[in-house]
Amino acid sequence: MRVLENYINGAWVKSSGTTLLDVKNPATGEVLAKVPLSTEGDVDAAVKAAQAAFPGWAATPVPVRARFLFKLKAIFDEHKEEIAAICTSEHGKTLSESRNDFGRGIENVEHAAGMPTLQMGQCLEGISTGIDSSTIRQPMGVFAAITPFNFPPMVPLWFIPYAIASGNTFVLKPSEQVPLTQRRIFELIDQIGLPPGVINLVNGGKDVVNAFCSNPGIAGVSFVGSTSIARHVYKACGESGKRVQALGGAKNFMLVMPDAEMDKSVANISESIYGCSGQRCLAGSVVLAVGDAYEKVKAALLAAAKAIVVGDGMKPGVTMGPVISASHKDKVLGYIEKGLAEGATLLLDGRHCKVEGLPHGNWVGPTIFENVKPGMVIATEEIFGPVVCLMKADTLDEAIEIANRSEYGNASSIYTSNGKSARTFASRSGAGMVGINIGVAAPMAFFPFGGAKQSFFGDAKAHGATALDFYTERKVVITRWF
Ligand code: NAD
């Protein structure tokens, strides 16, 4: 069985970790490879390589650094289908979802290739007699990122392109559940001729994460994953004086007004809930219908959910894949049991979902709860599966108040034909990303990405203009010539 290696100083090297985990295809149960849980020593080796590469890379002219990203974009484009297939095989999402996943990642490479313009500072002549002032942006050293299982190609690409284009060097720890996509992406990175040590990869789990947080050679850490670990990484990096941005979990509310265009809205709502089997930090999780929207949404959503075809994401016609692992399936089923115990009613029950010929897949069918009350566990905790809660409110004010009670604030959406309702919602929602008649409020690469409240810890959000603030030191230079 293939055992994955780390990529350190421009070469594939064996991990010193002795614990190996299975990387499984979640649709078939087939073991695809073994991933090592690397050690603090492996992290140290990667950080030392990145530190050694830093002075030369930082001194490389910005347009020259950007040219590597043009090469990367070209090579990624050539391998889109291959990466999508690897992503589907280890994650389970449909091929079309995998293509979009990688496509969004590539958009970050494109955006970061504009680094010569993005990194420009400011200059003001004559702040006093004969004195000028300017700000310059400088890279800071070695940055690291820790990424989750749900977007294997995209999430690492929220960070790598900006970090290196701005002159830093980098170490990535992909999710140990989906390491194969980044393995192949790093083989492609290896082909663009970067100086050794500029980008490194260390496979592993929590020991690697903790080694990142404490390693004095790392200037900053990006984390994406569940809230409890995001909070832990934020605190640990704060204690060791690093820059940190930690993106956490979510519980996203979707408000539906009686004046919404019901057919188009419900199609979009269903896609938000069930896309990637509900394993998206932007997935709609609670549908909060206002007034007489409730019965219409309920009927249309039930029909849309029943039309979903569950199966192997590689197969044409399949519209929803499995969840990532057997233990995650148990967790999702546990939430369904909790919902029933709390008194909610199952309108559609996905617990007994089976796919012919694939007895070892982690199948959970589309699930809809109604009679859900605010405060129930299923209405407050992140389920991260194809399960939605239907709730009612009498007015927009009441709906906003219920949605804003959530401790999370990643995304929230409203469906309406009324501009005033949309504006009120955008202004008062406690979420960091708001959708108006859009169920997945995903900003593009050139806008910042990140939530609010317990969904985000830090100051500078991912990608967009804020990536530059995260990856550079803004130095002020005040000049007088005698
Ligand atoms: P996770 O928190 O289990 O894992 C994320 C990373 O943390 C992985 O690389 C993992 O190896 C590491 N990790 C796991 N346990 C750890 C521990 N005890 N100590 C230190 N590190 C540990 O998350 P996941 O299950 O891979 O991904 C799903 C979660 O990610 C969901 O909560 C989802 O909402 C969130 N997510 C958030 C965003 C966002 O933008 N806010 C985007 C994608 C996913």
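The second largest cavity has a volume of about 80 Å³. A cavity is a set of points, on a 1 Å grid over the protein atoms alone, where a 1.4 Å probe fits but cannot get out. Grid points are joined across faces, edges and corners, and a volume is the space filled by probe spheres set on the points. This is a predicted model: local features need pLDDT of at least 70, side-chain atom pairs count only at pLDDT 80 or more, and totals for chains, interfaces and linings use all residues. Residues are numbered from 1 along each chain as its sequence is written, and side-chain values use heavy atoms, with hydrogens and water left out.

**Cavities**

- Fifteen residues line the second largest cavity (lining residues have an atom within 4 Å of a point), and Ala403, Tyr408, Ala411, Ser412 and Ala431 are the closest to its centre.
- Strand 12 (252-256), helix 15 (396-404), strand 17 (408-409) and strand 18 (411-415) each give two or more residues to this lining. Helices (H or I, at least four residues) and strands (E, at least two) are DSSP runs, numbered from the N terminus.
- The lining of the second largest cavity has five nonpolar, eight polar and two charged residues. Ala, Val, Leu, Ile, Met, Phe, Trp, Tyr, Cys and Pro count as nonpolar, Asp, Glu, Lys and Arg as charged, and the others, Gly among them, as polar.
- The count comes to four cavities of 30 Å³ or more.
- The largest cavity holds about 100 Å³ of space. Of its 15 lining residues, Gly278, Arg280, Ala283, Ser285 and Phe384 are the closest to its centre.
- Seven nonpolar, five polar and three charged residues line the largest cavity.

**Second largest pocket**

- About 240 Å³ of space lies in the second largest pocket. A pocket is an open set of points with protein on both sides within 12 Å along at least five of seven lines.
- Lys24, Ile324, Ser325, Ala326 and Asn362 are the closest to its centre among the 15 lining residues.
- Strand 3 (residues 20-24) gives the largest share of this lining, four residues.
- Domain 1 (6-248 + 455-480) and domain 2 (252-436) both give residues to the lining, so the second largest pocket lies between them. Domain bounds come from an automatic or database domain assignment.

**Ligand**

- Thr147, Glu176, Ser226, Gly248 and Glu382 come nearest of the 26 residues around the ligand. A residue is near a molecule if one of its heavy atoms lies within 4 Å of it.
- The shell around the ligand has 13 nonpolar, nine polar and four charged residues.
- Domain 1 (6-248 + 455-480) and domain 2 (252-436) each give at least three residues to this shell.
- An N or O atom in the side chain of Glu382 is 2.6 Å from an oxygen atom of the ligand.
- For the side chain of Lys173, an N or O atom is 2.9 Å from an oxygen atom of the ligand.

Conventions: A polar contact is a pair of N or O atoms within 3.5 Å; within protein, one must be able to donate a hydrogen and the other to accept it, and residues adjacent in sequence count only if both atoms are side-chain atoms.
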